[in-house]
Amino acid sequence: MCEKYYQKEYETMPREEIRELQSKRLAEQFRHVYENVEYYRERCKQAGVTPDDIKSIDDLDKIPFTCKDDLRQTYPYGLFAVPMKDVVRLHASSGTTGKQIVVGYTKGDLDIWEDICARQLVAIGASAGDFLHNAYGYGLFTGGFGIHGGATKLGCTVIPISAGNTQRQIAVMHDFGSSVLCCTPSYAAYLGETLKEMGLGPDYIKLKAGIFGAEPWTEEMRKSIEKSLGIKAYDIYGLTEVMGPGVAYECSEQNGMHVNEDHFIVETIDPKTGKRLPDGEKGELVFTALTKKAFPLLRFRTKDIGVLNTVKCSCGRTFIRMSKPMGRTDDMLIIRGVNVFPSQIEEVLLKQGYTSNYQIIVGRENNNDTFEVKVEMTPDKFSDVIAEVKAEENKLSNALLTILQIKAKVTLVAPKSIERSEGKAKRVIDTRKLI
Ligand code: DLL
């Protein structure tokens, strides 16, 4: 494939110049946040840091971290750094409890987001004239709208099909001539499998490439998706708090994701001590948004574990590369592309009068995540009438759906039947082996 760039001046900028640009932008951004976000200003005052102390990237260590708990405490708009009249879009993602986290964008922020998603598209060989089949979910999740914006800016013909209705997806791919597929890797695998089940092969559709992210996936999965859909499959990383898809993007080398360093600083830290690690050492990924104005997080601890690679990529891009996330420091699960915290499930169960004796069982069948929650009946809720048990299971499943946005199979089990642990309770059984 002939390698091209969307914004060559940034994507191939000499590293010294990237550092200078980051230093300048960091000083400006720190001042912007300090002056406009009271919560963060107080945090900085406690740490004894003022805008005069942040002059370059060498001062990064002085800046306090932000974490998911800060978003919870300031819900919904306490970390916004511009007046709400300048916020033109909101997105959201799961919080650790019932409340989700909310992020916002100015028009300028959306413009940057479109650019970084367009960079991803160009890096994998897409251009105006491509039919972009966008099967990421549209809505509060950032996947659908994020990719949509980048593809529109690039001039692709966007097919905003969103997720679900798999046979129809295949019919549309065939009839409309979809050439680039965007969705979660598990959904891509499922599409490949459905194609086969329909007695069709990859030549039935005209796809040439796919951009898959939002959840962990392995190199084996990449090979199998490439084979079943007859495409090249690329990885894309991002998170709601920092921007959405496009924070980091894979190029034709398929060997790590370039972090858009003109817009974000990435660091790895030791998750226990918070100390910064040298590039090349595995640690928690931390991002600082340099140019976003509405919701600019400084040193956001992602809880994703990864490794950074500064070796220049043969694609010509000079941006640092991050590995695929290799796990998390918290207990967040990603099921069918949706972030799920066990604490959210527990909160629902307790509200419904159950105890914290439950088990979350996640597996994979036919490339699709399975998700079951086993819940112990309490003695006062005990019933051996099948219809009553089924009705209660449905009620719980609906209550979980409202909070999690995905359907779980709920199975009520007899009191005291879930094994008690003498140490940490084993609440999650995840057999997917994605990392
Ligand atoms: O998943 C944004 C996104 C949309 C990325 C579409 C890529 C494509 P959240 O819902 O906030 O945002 O989830 C963010 O998902 O902290 C990682 O744990 C995980 N994640 C995202 N991309 C990847 C990836 C979107 N390529 C959380 N590989 C992150 C592994 C990923 N995990």
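A: Begin with exposure: a residue is buried under 20% relative accessible area, exposed over 50%, and partly exposed in between (1.4 Å probe, protein chains only). Arginine 19, at 35% relative accessibility, is therefore partly exposed. This is a predicted model, in which local features need pLDDT of at least 70, side-chain atom pairs count only at pLDDT 80 or more, and totals for chains, interfaces and linings use all residues. Residues are numbered from 1 along each chain as its sequence is written, and side-chain values use heavy atoms, with hydrogens and water left out.

Q: Which residue forms a salt bridge with arginine 19?

A: A salt bridge is a side-chain nitrogen of Lys or Arg within 4 Å of a carboxyl oxygen of Asp or Glu. Here the side chain of arginine 19 meets that of aspartate 58 at 2.8 Å, N to O. The pair links distant parts of the chain, 39 residues apart: arginine 19 is in helix 2, and aspartate 58 is in the loop between helix 3 (38-47) and helix 4. Helices (H or I, at least four residues) and strands (E, at least two) are DSSP runs, numbered from the N terminus. Aspartate 58 counts as exposed because its relative accessible area is 59%.

Q: Where do glutamate 28 and lysine 24 lie?

A: Both lie in helix 2, four residues apart, about one turn of the helix. Glutamate 28 is partly exposed, because its relative accessibility is 44%.

Q: Are lysine 68 and glutamate 241 buried or exposed?

A: Lysine 68 and glutamate 241 are both buried. They too form a salt bridge, at 2.9 Å, N to O. This pair links distant parts of the chain: lysine 68 is in helix 4 and glutamate 241 is in the loop between strand 7 (232-239) and strand 8 (244-250), 173 residues apart. Salt bridges that share partners also join Asp61, Glu267, Arg276 and Arg299 into one network. By the rule above, the count comes to 36 salt bridges.

Q: What is the order of strands in the open sheet of nine strands?

A: In general, strands of a sheet pair through backbone hydrogen bonds, either parallel or antiparallel. Two strands are taken as paired if DSSP finds at least two bridges between them. The order in this sheet is 4-3-5-6-7-8-9-14-13, with mixed pairing. Its edge strands are strand 4 (157-159) and strand 13 (308-309), each of which pairs on one side only. Strand 3 (residues 131-134) pairs with strand 5 in the parallel sense over three bridges. Asparagine 134 has cysteine 182 in strand 5 as its bridge partner. Strand 5 (residues 180-183) also pairs in the parallel sense with strand 6, over four bridges, and leucine 181 stands opposite glycine 210 in strand 6.

Q: Which residues of strand 6 point one way, and which the other way?

A: In a regular strand the side chains alternate between the two faces of the sheet. In strand 6, Ala209, Ile211 and Gly213 point one way, Gly210 and Phe212 the other way, and all are buried. The strand (residues 209-213) is thus described as mostly covered, with five of its five residues buried.

Q: Which residues touch the most other members of the largest nonpolar core?

A: A nonpolar core is a set of buried Ala, Val, Leu, Ile, Met, Phe, Trp, Tyr and Cys residues joined through side-chain atoms within 4.5 Å. The largest one here has 50 residues, and Phe30, Tyr237, Phe264, Phe287 and Met322 touch the most other members. Helix 5 (residues 107-123) gives the largest share of this core, five residues. Contact means heavy atoms within 4.5 Å. Leaving aside neighbours within four places in sequence, phenylalanine 264 has contacts that include Ile116, Val242, Phe287 and Leu290.

Q: Where does the backbone have a cis peptide bond?

A: The bond from tyrosine 75 to proline 76 is cis, with omega near -5°. Proline 76 belongs to the loop between helix 4 and strand 1.

Q: What is the phi value of asparagine 366?

A: Its phi is near 50°, a positive value in a residue other than glycine. Asparagine 366 lies in the loop between strand 17 (358-365) and strand 18 (368-376). At 52% relative accessibility, asparagine 366 counts as exposed.
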